[in-house]
Each structure stands twice: as C-alpha cells, then as structure tokens.
Amino acid sequence: MEFAPLNKWIPLDEGPLVIAGPCSAESEFQVLETARQIATIPQVKVFRAGIWKPRSRPGSFEGIGKIGLSWLNKVKSETGLLTTVEVAKPIHVQEAVEAGIDILWIGARTVVNPFSIQELSESLSGIDIPVMLKNPLNPDIKLWIGAIERLLKTGHTKLAAIHRGFSQFEKSPYRYPPHWEIPIELMRIMPGLPVICDPSHITGNANMVPHIAQQALDLEMQGLMIETHFDPLHALTDAHQQLSPSSLKTLVENLVIRSPKGTFEFERSLMELRHDIDQIDDEIIQLLAKRMDIAKEMGRYKSTHNITILQLRRWKELFADRMLKGQEKGLDNYFLSNLLRLIHEQSIQIQTNVMNEKKDEPNDDPNTKK
Ligand code: PEP
Ligand code: MN
C-alpha cells in the first residue's frame, strides 16, 4: 500500500497543512471575502467550501450548487489557494473536475455507504485528483479503511484521511466525540497515509477548536481542516463552530509544533516512563480479567437462585461511588463514566452468557425432570 506523501500534492512549507474556509459557500461575496482574509495566513494552502451540503433533514440550506464552483475558481486565481469541495455523487465529481477544483473530499455521511464509495471511486477512475476521506459518522474503522481501499484499487494514491469525530448517542461535551484511538489505529494499519484533523466538526464549538487542533498535532496528524467564515454568526450552516479569519490566525500562530523524536537522554527517560505504563497496563488487564471471573461467578449464583442479572439499585450506587472516588483522584468525568459503563456492560454480557449456558445444560435433576 503506497500513499503519495502530502507534499507531493500540496506545496507545503514548515509546519502542518491548514485547510480553511466556510462550511458552505453561500454567496460570491462571502466566499471571496473569507478567502481574501484567510489567504493572509501563510500556513493556509487550501480553501474549502461545501457546494452540495448533506443535511440531516430536508428544507434547510442544501448548498448553493454548481454556481459556487465558479466562485472557488475566482478564489484560486485571486489568492493562489488550492480549492477543495465535498463530492457525494458521480455528477459532483464530474462538475468539480470540469470546473478545475484541485482536491475533492468525501463526507462522513457518504463514507458510511460502500455503494456510494464504489460509485464515486469508479467515477474517479483515470482522473488524477487528490481525494480526502472523512471518517464515517459511526465509529467503524472498517468502513473508513474500506473506502480508502476502494480508492486505492482505482489507482488513487494521492489520498488523505480526515478525522472529524463520530456520532454518539450519549451526551458529550463534543458534537462528534473524537475517539482518538480510531484515527491512531488507522495510522497504524495504513502507515504513510496522511491524516488531517477537522476540529470544527469534532467540537461543534468555535471556542474548543484550538485545543483539539493542538491535540491532533501532538498525535502526529499532518494537517487541520478548520471551518472559517468572515462572519461566523450569520453562517447558514454550522454557525457555532466556524472561526473568524482573525481567530484562525491566532490559532495557527499559537500552535506548538512538537518534534516526534527527542535527544538520547529524552528518549531514555521516555522509555522508562513507557515501561511503567506497560506494567500498569498489565496490571489493569489482570484485574479486569479477575473482575470478569467474579462476574461469571455471580452469574452462576444469580442463575441458581433465579435472580435477574441487572440490579439497578446496586449499579446506581456503584456508579456514584466510583465516580466520586475517580473525581477525588482527578480523573476526567467523561472518561471515567464511559469506562465504568463499558466494564458494567461486559459484566452483564458475561452473566447473560452464564445464564444461557445454564438454561441449555441437560437437566439431570430427577426431581425437576418432566
Ligand atoms: C463539512 O465538512 O461541512 C461536512 C458536512 O462534514 P462532515 O461530512 O464531516 O459532516
Ligand atoms: Mn460543516
């Protein structure tokens, strides 16, 4: 699996790639005014704008359509920025390519559908244009990898993945929680694939964007896609998460660029710390296994006494108690509640399995035999 490095398809200087622009192209003035202001930030190399907008419900602004492509052309000739739009159908690909758009991206709602991805890959076959693939809406790494593989199969190597967070039913401080472990796993499975972070959709909140942007760079992501609008409050889509060009400038100037490798001394101390982490992880695994063994035992016990698995009151008390203890130790509430729920879910699963096994066991008890 060979991917073209990012600097083979986007001229980069020092530092990460920044892609910026409004969520949606709304008017020629809005597009050009935003682009002019953004173009003064040296790290911004690509201008983004949605032309065809996938909206959850009909009746809201669904994108300006094809006419927006000509505005992007003006952006390119006036500012020199490369341009990128979202494509969801082969007709979008055709129109964007004909209009001279430089890079395409495929959105989260399209990456979930292998039929759409297959169709798009075929429509792109023989066209030398870079494609960026957002993660699918749901936290399913296979769909993301599958979409990348489909494009690779049609000969595309100028590819990048965009991490934009994942849908979640539970309440969260994020619009789409990042689940960092998923893009990290993607980087492990597909080395060489450039990964770009979209902190705008992850946070859904302009104030939180700088923090997530920094975190992405600290995790060795190679670029950022940040929604930027010359007048965010009046944006027709995603108004809460768009930055003004001046906030984007501040964000970019404040990014700390850390090196992936340090001095020998540094690496040695890091190794020691990693060793400690490895040991703690081993202990956590052993304790978890022990806890699950006890859950199994409880399952058997409940089954013998015909007691239901879920004891709601006990779970509530346990949850409150562990959250309190975690808080005292300075653990993050969101992290700890997710962890506790996961452990509890697994305990319930184990107990259910035990009950089912018991149910299926041949009944040797002569007293209860029919
Ligand atoms: C967007 O970038 O504006 C967009 C619709 O993104 P996503 O596919 O990540 O929701
Ligand atoms: Mn958006």
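A contact is taken here to mean heavy atoms within 4.5 Å. On that criterion, among contacts in the chain between residues at least 6 apart in sequence, 73% join residues at least 24 apart. The structure is a predicted model, in which local features need pLDDT of at least 70 and side-chain atom pairs count only at pLDDT 80 or more, whereas totals for chains, interfaces and linings use all residues. Residues are numbered from 1 along each chain as its sequence is written, chains are lettered from A and ligands numbered from 1 in the order in which they are written, and side-chain values use heavy atoms, with hydrogens and water left out.

The chain contains 13 helices and eight strands, assigned as DSSP runs (helices H or I, at least four residues; strands E, at least two) and numbered from the N terminus. Its C-alpha trace spans about 85 × 55 × 40 Å along the principal axes. Of the 370 residues, 42% count as buried, that is, under 20% relative accessible area with a 1.4 Å probe and protein chains only. The chain exposes about 20,600 Å², of which carbon and sulfur atoms supply 55%, the areas coming from the Shrake-Rupley method with a 1.4 Å probe.

Within H11, Met292, Ala295, Gly299, Lys302 and Ser303 are buried, and helix H13 (333–360) is included in what covers the buried residues of H11. H11 is followed by Asn306, which has a positive phi near 55°.

The residues around ligand 1, each with a heavy atom within 4 Å of it, include Cys23, Glu86, Trp105, Arg164 and Glu227. Oxygen atoms of ligand 1 lie 2.8 Å from a side-chain N or O atom of Arg48, 2.9 Å from a polar side-chain atom of Lys53 and 3.3 Å from a side-chain N or O atom of His201, where a polar contact is a pair of N or O atoms within 3.5 Å. Taken alone, ligand 1 exposes 300 Å², and the protein buries 96% of that.

Trp105, one of the residues around ligand 1, lies in strand S4 (residues 103–106) and is buried, with a relative accessible area of 1%.

Key. Buried < 20%, exposed > 50% of the residue type's maximum accessible area, 1.4 Å probe, protein only. Polar contact = N/O pair within 3.5 Å; in protein donor to acceptor, adjacent residues only side chain to side chain.
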